[in-house]
Amino acid sequence: MPLPLASLDQVPEWHALESHFREIEPLHLRSLFADDPDRAERFSLEAAGLRLDYSKNRLTSQTVEHLAKLAERTGVRAGIGAMFDGSRINVTEDRSVLHIALRRPAAKALTVDGVEVMADVHAALAKMSSFAERIRSGSWLGFTQRRIRNVVNIGIGGSDLGPLMAVEALKPYADRGLTVRFVSNVDGTHLSESIRDLDPQETLFIVASKSFTTQETLTNAVSARDWVLAAMSDQSAVKHHFVALSTSAERVAEFGIDVDNMFEFWDWVGGRYSLCSAVGLSLMIAVGTEHFHDMLSGFHAMDTHFEEAPLEQNMPVLLGLIGIWYNNFFGYDTHAVLPYDQYLHRFPAYLQQLDMESNGKSVDRAGKRVRWSTGPVLWGEAGTNGQHAFYQLIHQGSRIVPADLIGFCRSHNHLADHHDKLVANLIAQGEALAFGKTMSEVEAEGTAASIVPHKVFDGNRPTNTLLADQLTPKVLGALIALYEHKVFVQGIVWGICSFDQWGVQLGKELATRVLPELQSATALEHDASTSALIRHYRSRRKA
């Protein structure tokens, strides 16, 4: 990544984009389509089972050329190579970034620091598969020799958002005889409500914490253990009802979990990139080994496309560069992800962590403050629910929100014409956002003059449309990898490290200090507001 990190906004390619923006900014998508009958075909691309139509963006072929040149200058191609060969591109933690190895076929060797990584990866997958099939077949029994029918994953962040999203997304492939739930929030309500109707004799807990010290996860795990022991009154029951996803055998054993039932992963797997590792054990139990491996093949198909395709025909690169175009030149600082599939209702929440934890940075890889906008605020909701909530702002608000519309040509649930209506809404939203409705069109409808301004839609609001045949495990893998690599591309261009998350630490450290102050009348040395809040809580917690 050869670019001097503090100089992004000084390179000729950046200045060329600034000049080009002044040419593009006045143009409307209506005129861009009217002037180019082949626009939709030229600005569409297929890869790994996904079709991307990016023609409803405020860009031309020249825009794409300028953006690709910026990508070249900032070292995107070199950055991709560095990630795939195991270089230590997580510069603040001096680590490789190898989530791509988790879905790589065993035959494609990858040696990092003298270690053949793929042997370890596939040994871990084999151990996961063996365990998952024991749960699914009923051969793993609880302490009282009853079959496990409930699986509760206890984790937080990437150890929760990824598998939770994927279990929801792949419900059509799941064993419906198993109940799979997720607990993340340290709020006792989350655990209490998640286990309220479960039988501890038939429940397995998966405790996901790399260090086995994460406060929220361990607090929930200890309470879950108390719940199990209250029912079975024998410490040895823990070994039958708990397994761990961790790297700390000592702490796992101290908790009471048999270390033979500890599933390891590696420092080069970041939490928000860990679904394909042992963190995906709950998913593998839910859908089975075959479907899990289908998902891995989808990830790998997009990985291969990302590694090999030219920048201007590279789907993750294009999405990343289009996002930079809006963020840094148009000044659009939010991005909506709008999946038109109920199974993907947790996908926007998953992408929030992927994007905002990765690129929510204000210093570059050398530790110098950046002078340009970095990660956008990412949000979204499943269609058509969002249409009756926040689409009003997207269509007619003063703030422009670029959006991704995601849909599928076939549904898993064939109810009358439900799916046709769903897809009709997806396609119509893209059309309405792009082209709007002019004043003359509203007037031609005979609308009262006083109402006309309220029914005018400016349009010129950009969207990408992603379509696949059906939401299968393979397609889900490709879709997740697409967004992973998009985020990586943006991080390279902005000169930031996308693979650390130091910003989450300070609040945790202060919470550790505040906790004992809430529980006893110790002296307080905080600011006036914080101290007042602690005193109020103390006075009311037992009321």
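## Exercises on a sheet and its salt bridges

Glu-46 has 56% relative accessibility and so counts as exposed (buried is under 20% relative accessible area, exposed over 50%, partly exposed in between, with a 1.4 Å probe and protein chains only). The model is predicted: local features need pLDDT of at least 70, side-chain atom pairs count only at pLDDT 80 or more, and totals for chains, interfaces and linings use all residues. Residues are numbered from 1 along each chain as its sequence is written, and side-chain values use heavy atoms, without hydrogens and water.

**Exercise 1.** Find the salt-bridge partner of Glu-46 and classify that partner by accessibility.

*Solution.* Step 1: apply the criterion, a side-chain nitrogen of Lys or Arg within 4 Å of a carboxyl oxygen of Asp or Glu. Step 2: Arg-51 meets it with Glu-46, the closest N and O atoms being 3.0 Å apart. Step 3: Arg-51 has 29% relative accessibility, so it is partly exposed.

**Exercise 2.** State the strand order of the six-stranded open sheet and identify its edges.

*Solution.* Step 1: take strands as DSSP runs (E, at least two residues; helices are H or I, at least four), numbered from the N terminus. Step 2: pair two strands if DSSP finds at least two bridges between them. Step 3: the order is β1-β2-β13-β12-β10-β11, with mixed pairing. Step 4: β1 (44–47) and β11 (377–379) each have a single partner strand, so one side of each lacks a neighbour in the sheet.

**Exercise 3.** Describe the pairing of β2 with β13, then the helix α20 that packs on the sheet.

*Solution.* Step 1: β2 (residues 50–53) and β13 (residues 463–468) run antiparallel and are joined by three bridges. Step 2: within this pair, Asp-53 stands opposite Thr-465 of β13. Step 3: helix α20 (residues 473–494) touches β2, β10 (334–339), β12 (403–408) and β13, contact meaning heavy atoms within 4.5 Å. Step 4: the direction of α20 makes about 165° with that of β12; axes are lines fitted to C-alpha atoms, for helices over the stretch in contact, and angles run from 0 to 180 degrees between N-to-C directions.

**Exercise 4.** Compare the accessibility classes of the partners in the salt bridges Arg-95 to Glu-93 and Glu-193 to Arg-196.

*Solution.* Step 1: Arg-95 and Glu-93 meet at 3.9 Å, N to O. Step 2: Arg-95, at 27%, is partly exposed, and Glu-93, at 24%, is partly exposed too. Step 3: for Glu-193 and Arg-196 the closest N and O atoms are 3.2 Å apart. Step 4: Glu-193, at 46%, is partly exposed, whereas Arg-196, at 59%, is exposed.
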